[in-house]
Amino acid sequence: MEQRQQGLLGQEPVQEVEEDNTITEEEREEMQNELTKLEEEIVTLKQVLASKEKHQAELKHRLGMSTLSELKQNLSRSWNDVQSSTVYKKTSETLSTAGSRTTSVISNLGTAIGRKFGDMRRRSEGALVEEVSRTCSHQQLRPALRTMAPQPPLTT
């Protein structure tokens, strides 16, 4: 059973081999040598990669590119990508609509509450005047009304 898969670097297909315990000593030795060579190549490639990464870091340092500035650039780029996405735009529009509707409802509610308090104030003032007029007799109010009436100017 042979399956073809994409290799690690995408260049060569990897073949799955059925386990077959009938390997000759010569084949085993050949595979062992190939495995050793591959392991040595991997070590060499890791060393080359580490050297190149070190050189990259030195160049970035000389150019004034810090990890923080790269992170800022990446975040900025990612945020711009998010803002340009259709999901973000639709969500933003929905929240904007909901916000304006909520503002309108709260404004109307505030107006209604203000009117209600005004009505309550007028009712309580009217009730107070009515209560005072009931408790005071007409004769008791006459002296008070006289003092409140405009007086003619005094002539000297």
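Student: What makes Glu70 count as partly exposed?
Tutor: This is a predicted model, and in it Glu70 has a relative accessibility of 25%. Buried would need under 20% and exposed over 50%, so Glu70 at 25% is partly exposed.

Student: Why is the contact of Glu70 and Lys60 called a salt bridge?
Tutor: Their side chains meet with 2.9 Å from N to O. The rule asks for a Lys or Arg side-chain nitrogen within 4 Å of a carboxyl oxygen of Asp or Glu, and 2.9 Å meets that, so the pair is a salt bridge. The count by this rule is one salt bridge.

Student: What does the pair of Glu70 and Lys60 tie together?
Tutor: Glu70 sits in helix H2 (residues 67-83) and Lys60 in helix H1 (residues 25-62), so the bridge joins parts 10 residues apart in sequence.

Student: Why is the pair of Trp79 and Tyr88 called edge-to-face?
Tutor: The structure has one aromatic pair. The ring centres of Trp79 and Tyr88 are 5.8 Å apart and the planes stand at 75°.

Student: Are the two partners, Trp79 and Tyr88, buried or partly exposed?
Tutor: Trp79 is partly exposed at 45% relative accessible area. Tyr88 is partly exposed too, at 30%. Each value falls between the limits of 20% and 50%.

Student: Which residues form the nonpolar patch on the surface?
Tutor: Leu109, Ile113, Phe117 and Met120 form it, with about 400 Å² of accessible area together. Leu109 lies in helix H3 (residues 86-135).

Student: How much of the chain counts as buried?
Tutor: Of its 156 residues, 1%. The accessible surface of the chain is about 15,200 Å², with 57% of that belonging to carbon and sulfur atoms.

Student: In what order do the elements run?
Tutor: From the N terminus they run β-β-α-α-α-α, which comes to four helices and two strands.

Definitions and conventions:
Residues numbered from 1 in each chain as written. Predicted model: local features only at pLDDT ≥ 70, side-chain atom pairs only at ≥ 80, totals over all residues. Heavy atoms only, no water. Buried < 20%, exposed > 50% of the residue type's maximum accessible area, 1.4 Å probe, protein only. Phe/Tyr/Trp six-rings, centres within 6.5 Å; stacked < 30°, edge-to-face > 60°. Areas by Shrake-Rupley, 256 points an atom, 1.4 Å probe, with all protein chains shown as cover. Patch = residues over 30% accessible without salt bridge, like charges linked within 9 Å, V, L, I, M, F, W, Y side chains within 5 Å.
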